[in-house]
Amino acid sequence: MREKVTRLFVAAAIAEACSWLALLVGMLVKYGPTDNELGVKIFGPIHGGLFVAYVLLVLAVARLHRWSLLATAVALASAVPPFATLAFERWARRRAMLGVERQPVREPAPVG
């Protein structure tokens, strides 16, 4: 279960960042020369749902992996600025906060 929730967290972090991009494009179209609200009407609720999913998964993963209160707060705050969920996920992965140990660097195989 721990691995499944962690994989869902990673997927939600990526999906939330992608929905930010779609929402920003929708806002550009809405407030740009075309003045069309369709993008915001479509991607606004999608982004909102993914935002809520990300927040819930942060709380679940933080509990499962015993994150500190500060790390949990940073993860939650990263949902607000565009694309920050990607940066947090990479940061957490590098520090083995997601239960994935860093892979050792392999030496290149000799040729010949």
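Student: Is Met-27 buried, partly exposed or exposed?

Tutor: Partly exposed, because its relative accessible area is 34%. Keep in mind that this is a predicted model.

Student: Where does Met-27 lie?

Tutor: In helix H1, which covers residues 2-31.

Student: And what is Met-27 in contact with, leaving aside neighbours within four places in sequence?

Tutor: Gly-32 and Val-40.

Student: How far is Met-27 from Pro-45, C-alpha to C-alpha?

Tutor: Those C-alpha atoms are separated by 13 Å. Along the chain, the two residues are 18 apart.

Student: Now H1 against H4. How do the axes of the two helices cross?

Tutor: They cross at roughly 150° and come within 8 Å. The crossing angle is over 145 degrees, so H1 is roughly antiparallel to H4.

Student: Which residues make that contact?

Tutor: On the H1 side, Phe-9, Val-10, Ala-13, Ile-14, Glu-16 and Ala-17. H4 supplies Thr-85, Leu-86, Phe-88, Glu-89 and Arg-93.

Student: What is the contact of H1 with H4 like by class?

Tutor: Seven residues are nonpolar, one is polar and three are charged.

Student: Let's take Thr-85 from that list. Buried or exposed?

Tutor: Buried, because its relative accessibility is 0%. Thr-85 sits in helix H4, residues 84-94.

Student: What does the side chain of Thr-85 reach?

Tutor: The backbone oxygen of Ala-13, at 2.8 Å. Ala-13 is one of the H1 residues in the helix contact.

Student: Which residues does Thr-85 touch, not counting those up to four places away in sequence?

Tutor: Ala-13, Glu-16 and Ala-17 are among them. Thr-85 also touches Tyr-54, Ser-78 and Ala-79.

Student: Switching to charges. How many salt bridges does the count come to?

Tutor: One. Glu-89 pairs with Arg-93, and their closest N and O atoms are 2.7 Å apart.

Student: Where do Glu-89 and Arg-93 lie?

Tutor: Both are in helix H4, four residues apart. That spacing is about one turn of the helix.

Student: Is Glu-89 buried or exposed?

Tutor: Buried, because it has 7% relative accessibility. Arg-93 counts as partly exposed, at 33%.

Student: OK, His-47. Which helix does it lie in?

Tutor: Helix H2, which runs over residues 38-64.

Student: Is His-47 buried or exposed?

Tutor: Buried, since its relative accessibility is 10% and the cut-off for buried is under 20%.

Student: What does His-47 touch, beyond residues up to four places away in sequence?

Tutor: Glu-16, Ser-19, Trp-20 and Leu-23.

Student: Last topic, backbone. What is phi of Arg-66?

Tutor: Near 55°, which is positive, and Arg-66 is not a glycine. Most residues other than glycine have a negative phi.

Student: Where does Arg-66 lie?

Tutor: In the loop between H2 and helix H3, the latter being 69-77. Arg-66 is exposed, because its relative accessible area is 75%.

Student: And what is phi of Ala-96?

Tutor: Near 60°, again a positive value in a non-glycine residue. Ala-96 is in the segment after H4.

Student: Is Ala-96 buried, partly exposed or exposed?

Tutor: Partly exposed, given a relative accessible area of 28%.

Terms used: Residues numbered from 1 in each chain as written. Predicted model: local features only at pLDDT ≥ 70, side-chain atom pairs only at ≥ 80, totals over all residues. Heavy atoms only, no water. Buried < 20%, exposed > 50% of the residue type's maximum accessible area, 1.4 Å probe, protein only. Contact = heavy atoms within 4.5 Å. Polar contact = N/O pair within 3.5 Å; in protein donor to acceptor, adjacent residues only side chain to side chain. Salt bridge = Lys/Arg side-chain N within 4 Å of Asp/Glu carboxyl O. Axes fitted to C-alpha atoms, helices over the stretch in contact; angles between N-to-C directions. Parallel < 35°, antiparallel > 145°, perpendicular 65-115°, else oblique. Nonpolar A, V, L, I, M, F, W, Y, C, P; charged D, E, K, R; others polar.
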